[in-house]
Structures are given as structure tokens and as C-alpha cells.
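These are my notebook entries on a structure that is new to me. I looked up ring pairs, cores and strand pairing.

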Amino acid sequence: MTKKRLAQLFICFHSLGLALGQVSYSIPEEMAKGSLVGNIARDLDIALQRLRSGKARIFTGDSAEYIELNRERGVLLIKERIDREALCGQSTLCALHSQIILENPMELFRISVEITDVNDNNPSFKNSEKRFEISESAVAGSKFVLERAVDADIGLNGIKGYTLRPTDNFALKLQNQPDGNKKVEMVLQKPLDREKQDHISLLLTAVDGGEPQMSGTLQIYITVLDINDNAPIFTQSVYKATITENSQKGTTVTRVSATDADKGTNSEVSYSVSTTMDGVADVFHINENGEVILIGGIDFEKAKVYQIDIEASDSGGLSDSSKIIVDVIDVNDNVPVISVLSKSNSIPEDSALNTVIGMFTAQDPDYDNNGKVKCEINNDIPFRIKSASSGFYSLVTDSELDRERDVEYNITITCSDDGEPSLSSSVSINLQIADINDNAPVFERRSYDAYVIENNSAGYSIFTVKASDVDWNQNARISYMLEDSAINGVPVSSYVSVNAESGVIHAVRSFDYEQIKDFRFHVKAQDGGSPPLMSNVTVKIMIQDQNDNPPQVLYPVQTGGPLVAEMVPRSADVGYLVTKVVAVDVDSGQNAWLSYKLQKATDRALFEVGLQNGEIRTIRQVTDKDAVKQRLTVVVEDNGQPSRSATVNVNVAVADSFPEVLSEFTDFTHDKEYNDNLTFYLVLALAVVSFLFITCLVVIISVKIYRWRQSRILYHPSLPVIPYYPPRYSDTLGSGTLQHVYNYEVCRTTDSRKSDCKFGRAASQNILIMDPSSTGTMQRIQSEKNILDEPDSPLEVRLLFSVYQC
């Protein structure tokens, strides 16, 4: 077989269990990297898709990986160059044993690849030359042991034969030995004559049977000596001995002996190890006394038997050879080797019984009981070991799993042998228990009550609901949401929102206590499992009042209309009720408790305001020196924190007659009217001027274009319409206890602040309303009794003075 010759493939399948098969191949050594070994997919009847989905891989244990798997093609390829001699030495059978492992489900197939020998090694001798000293008296037929050539190849590629040149005095003799090797001897055919030739040079050539044939040579130098006609002879042709592995260096293995019938120096025998194979000379040494001594390490797992070729030579160059067979006795010096072939990092908590979570092998290279292995795992875990085949085991579940009880397991596999003492090793596997969604979220409380102060900002964080889920990861990831419901016909989402991740409830709008006091809704917690699980809880939100509304003054009404004044006669006594300030606050509780204070007054010594009822009364007798116009500013405050307030201006006319009142108040109204309307008149004038300018331009252009037409200007003046009011016109809606109704007419010129007025009989206590913007006759409205006044309050008569230009 040559290197170019393709491998002859043969395949053997036989059952090794429900998921175990075997295939064998035969390939020559020294194949190039990437060369095809065999189509494993076809030979094992496995689809390429199964190889890819099952993550097929090759397991070789502690051996080097020479073969690799191409999952895409489903073939085995050479990964590294294979040297049969380095791999198996002189063993006739050389094979690589490995396994193909598939996952999901787990399957295992054995592969055996036999490595056949090719002729890639030359025969070689340990020494390049061999020297003899042979006496000239050596008789014909004398034998001289030559060194045996070594060829690392085996079979036909091994040593085929030897040739010796020249053959004048010596001939080559080959003798078969029990171990299959040949004993090489040089036989004297023709007596030597030292006087004719004292040195002889021979060439020993060893050839193998390979193609092409290869050879090696040994140069032999012979020095012819005088008279030594007896060679040493071993007492045994084969010696047997035993030694325990791991024996100390210097240990004597056995002792050999050879005798020589000569006398003197010719009878002195020396011993040597002539074996060149397997490095025996590096392990054993024989001394001058024939004792075989251990000089290297002995390992039963590497070599169980040693064959030592020894040689005895006398001083005359005559020699004899023998063999020592040393059997190595095994000791329990190797712990079991555990190799995890495949394992699952995690399994779901609802996995069925006998689910395979891992596969491993346990092997001990020791012999007999020292190599018998048994495996077990730590107690109190829901797993057990199941034996698949010789040396192969699977780890399976033995009871139900619950991730909420145990999140993970540290499984310790311990394997021990039956040696004395027993040796063991262990390996740990960490297995995570994958969660399934079997627990719904649970809220911390059955219901929640929360408070929020009104006028909160939109987005204000009111409260946080919290739910927990004993599941893990996505199954425990809780999302919060509002259940669809309505509050007063409005969706609850218009009032509040809930953060889906944190459960924080936010206000969507600003709440007003005066509109809504409290409301309820439901929050739902849902986990992220498939299918999701959920639960809900009731949340009640209670709105707390805030002092956010200032007091509102109902009376007197503050408008931009006619000026209202309360009339007080100069004859009023101390404690005279001028009017009453009426105010309300829409807040509740103490935020709605009102108090009244007099802030400013024209004469603070004349009036006072009731702290609780808002009544304005005189605190002294009115005199003639008191001004007619009295202006009071009353502050209404609530009892909130901080308090809020409102102010109201009360105009009081201190007079006994209307002309006196009218004279004072018209000055005030005229100035105000003048200042307020000044800006308006300026803007109006500018608009009129602009309009006239544009009109003139249009007229001029029209005249030029239409000259043939008669020019005419149409002008329609607008006559002012002066409304007429009956002289005795009065309001018919007046009601009260007064016996008479009074009508007044006031006429005022545009250039004088004094007016001519007609007055009838003077009225009793009255309210004066001055409207400077109106034109027309004077109207009087009889005052109505204020519903908030006390029963004994005096009647008020409202008088409306309409001032128009005469």
C-alpha cells in the first residue's frame, strides 16, 4: 500500500442500545490534512439536518484529535497528520476510537478508524558501526552476534532480510526467535590469518519489504586477534522476571549469567543490553555482574511487558545472546477519569421524570479491579445516575422540580474504583431550573387608600401600588394597568394613570375638591409570562380641600357701571347701620370661615366693620364737619393657611339732601370720564381723518374720469335723535315700605360743572348711583330690601341719577 493509494473503507454496524451504533473505517497513515475518511451521515443513516440541529461533535477523551467532523457535508476528515508509529509503535493493530455525540435528543455513536501502515521508515541500526576483535584461531562455524536492525514499520513494510558484503571469510546467518524477530549472526566460514589480513571491513545491509524498498547499513570492523576459541554461553535462552509499576529507580529486576570455557582474560565476560526498540535501554541496565537494574520509570498503562535482548561478550570478541521477558504488575495508581460528554445548563421546572440532563463517561486505565468504576451523586437532590453502556452514564431527573423552592442545583458526580485503597474523582455540574409562569402577581394589600390635595399639577405622583410575583425573570416582570371603568360618566383614565413598570399612580388632571370629593378605581397587575397571569386591587383616592378660593363679595357689587353710594344722614346716631358687606367662600371647613376688617377709610374714626358679620356702623355721632364723600375699603379674609382675601370699596354719602350729594359726586365722575375716554377720542379722530383723506382721493379721480357726467354731491345729514322721557317717569318695580316715589330730572351743560336741577321732596335713606356716560332723563329705582340684612335693618332706596348733556 502506497501513500497515493486511497483508503479502503469498510463499515460495521451493530446495536449498542437504543441510541448507540458503531461504524469502522480503515485508512493509511500519513494522509494529507483534509483527506476524506468516510461519509458518516450516509454510513450511520443520519440526515445532515440532524447533524446540524443536534450540534454533532466528536469526543475523543484525553486522546489527540486526528479526525474532525464536517457537519455541513456529513463526512469525517483528517484533522492532523497521523503517524502510526508514533501513535501505536509496533502494535499490529492500531486504531483510533472516538464517539459522535448528538443533542436534542442526546445520542451517541462509536467510531473506530484503523490506521494501516505505509512504508515510510528506513531500517536502522542503533550504532552506525560494530567492532569485533576475533582471534585467528577461531574455527570455521564460529558465530558472532550482530546488531539487529530496527524498522518502525510493521508487516510487509518491516525488516525483510539482511545481506553481508564481502563474503570472503564470513557468511550471514538468520535465526527466527519466539517473538517473531530474527537473530542476526555472522558465521566464520574461512579461518582467519592475521598475518595476511589483520583488519577486515564488512557492510551489513538490512532491507524491508515495502514499495519502494528501503534499507539501512551497519559498518563492521574486525580486528583479528590471537587464540580465543570459546564464546560465552548464557545459562538460559530466555529469562523471565516481574516488577511492580512505579518501582523505584535502582531496583534489581533479575540476574543473568553466562560462562566462558577459556582461561584468563579470554574468559572474562561483559554484559550489555542490545535491544533498541521501545527505548528499553533507557529503562533497564545490566551491570558487569549480570544484574538487570531499573534506571527508568515503569508504567503499567504504557507497557505491560518488556522484552530485553542482552549480550554476553568475552575479551576475545566472542559473544552470546539471550532474552529477558519482564512482566509489569499493575498497582492502583490512577483515579477514574470523568468526562462530561454533554450537559444541559438549565431545564424547565415542569420537566418530566427521567429527563436526561447530561451524559458522561468514567474510565480507569488500571487493570482488573483497579479499573472497575462505580459512580454516585450527592444525596437529597431530585436526580439519579442511569448506566447507558460500559463506561457511559446519563444523569436524569428522579422527582418533580420547583424553581420557587430551589433555583439551582450543584450536582457532584463522584466515581471510585475497586482498588486497594480505592481512588476516586469527582466533577460538579451546575444546573439552573428554568422558571415557568405558574404564579400570579399578588398585591401587598387588599385595597389602597390615598390622599391628594386639590389643585395638584397634572402628572402629580399620588400613590404607589406594589405587587410581587415569586416567579422569575420575564414571568415575574409585572406590568400595571387601569381596569376600564367610569367616574361620573368619564373614563377613569381621564382622572389618573398608572406607570406600567413602577405602579406609581399619577394624576392626569388637577382635582377640585369643590367638584369631586373622592373616587374609586381598580388597578390590574399582569406578569410577562405566556400566557400571562393577573390580579387586581381597589384604590380609593380622597381629595383634600385646599384654600384655593378667595372670598367672593356678593354685596356691594363692584362693577365698572354707575357709582353706588350708601347715604347716611347727618343726624345718624352712634351704631347707625350704614350697610352690610356680604361675602361667601366656596372652600370648606376653616378655609371658608370669613372675617371682615376695615383696611382704609376717609375717616377711620367715623365707621367700623363687624368682624364676623361684615356690618358697617357708625362709631360716633355724625357732624356737619364730616365730608360728604366717604370711601371705605373693607378686607374680607378666610381662615385658611395661608389665608386668602378680597377687598371691596364702599362709597358713603354723608348728607341730608340730594343736591349736596350730587354736587360732590359729579366732580368725581367727570374727571374719571375725561381720563378714561381721552385715548378713545384720539384713536377715533385719527380714523376719521384717514377715512376723509381716502374719500377725497376717490372723488377727485372719479371727477376726472367721468367729466361728461354731471358732478353732484349727495349729502344726507344725520339729525340727532334726542330721546324723550316723560317728566314723571319712574320705575314701577320698586318695592318696600317707603310711602312715596321720587323722580328727579338733572340737566347739565357741557361747559360748566354746575347743573340746573329740579328736586322734589327729599327721600329718606337712599343709595345713590351716578352714571356719567348715560344721556337721558333721570330715573329712580326704589331700593329693595337686602335678603342678607337683619330684620331690623333700615330700608334702602336706590336712586339712579342719569346725567345728560343739555
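Entry 1. I began with phenylalanine 144, which counts as buried because its relative accessibility is 0%, under the cut-off of 20%. I note that the model is a predicted one. Phenylalanine 170 is likewise buried, at a relative accessible area of 1%.

Entry 2. I then looked up a second ring pair, phenylalanine 234 and tyrosine 271: the centres lie 6.2 Å apart and the planes stand at 50 degrees, so I recorded the pair as tilted. Phenylalanine 234 belongs to strand β15 (residues 233-234) and tyrosine 271 to strand β19 (residues 269-273), so this pair ties together parts 37 residues apart in sequence. Both residues of the pair, phenylalanine 234 and tyrosine 271, are buried.

Entry 3. I counted 14 aromatic pairs. For phenylalanine 144 and phenylalanine 170, the ring centres are 6.0 Å apart and the planes are at 75 degrees, so the pair is edge-to-face. Ring pairs also link Phe443, Tyr448, Phe463 and Tyr480 into a cluster.

Entry 4. I turned to the largest nonpolar core, which has 28 residues; Val496, Phe519, Phe521 and Val523 have the most contacts inside it. Strands that each supply at least two residues of this core include β41 (518-526) and β42 (534-544). Another core, of 26 residues, lies apart from it and has Leu51 and Cys88 among its members.

Entry 5. Last, I checked strand pairing. Strand β30 (residues 408-417) runs antiparallel to β31, joined by nine bridges, and a hairpin of six residues connects β30 to β31. Strand β25 (residues 346-348) runs parallel to β31 (residues 424-434), with three bridges between them.

Key. Residues are numbered from 1 along each chain as its sequence is written. This is a predicted model: local features need pLDDT of at least 70, side-chain atom pairs count only at pLDDT 80 or more; totals for chains, interfaces and linings use all residues. Side-chain values use heavy atoms; hydrogens and water are left out. Two strands pair if DSSP finds at least two bridges between them. Helices (H or I, at least four residues) and strands (E, at least two) are DSSP runs, numbered from the N terminus. A nonpolar core is a set of buried Ala, Val, Leu, Ile, Met, Phe, Trp, Tyr and Cys residues joined through side-chain atoms within 4.5 Å. Buried means under 20% relative accessible area, exposed over 50%, partly exposed in between (1.4 Å probe, protein chains only). Rings of Phe, Tyr and Trp (its six-membered ring) pair if their centres lie within 6.5 Å; planes under 30 degrees apart count as stacked, over 60 as edge-to-face and the rest as tilted.
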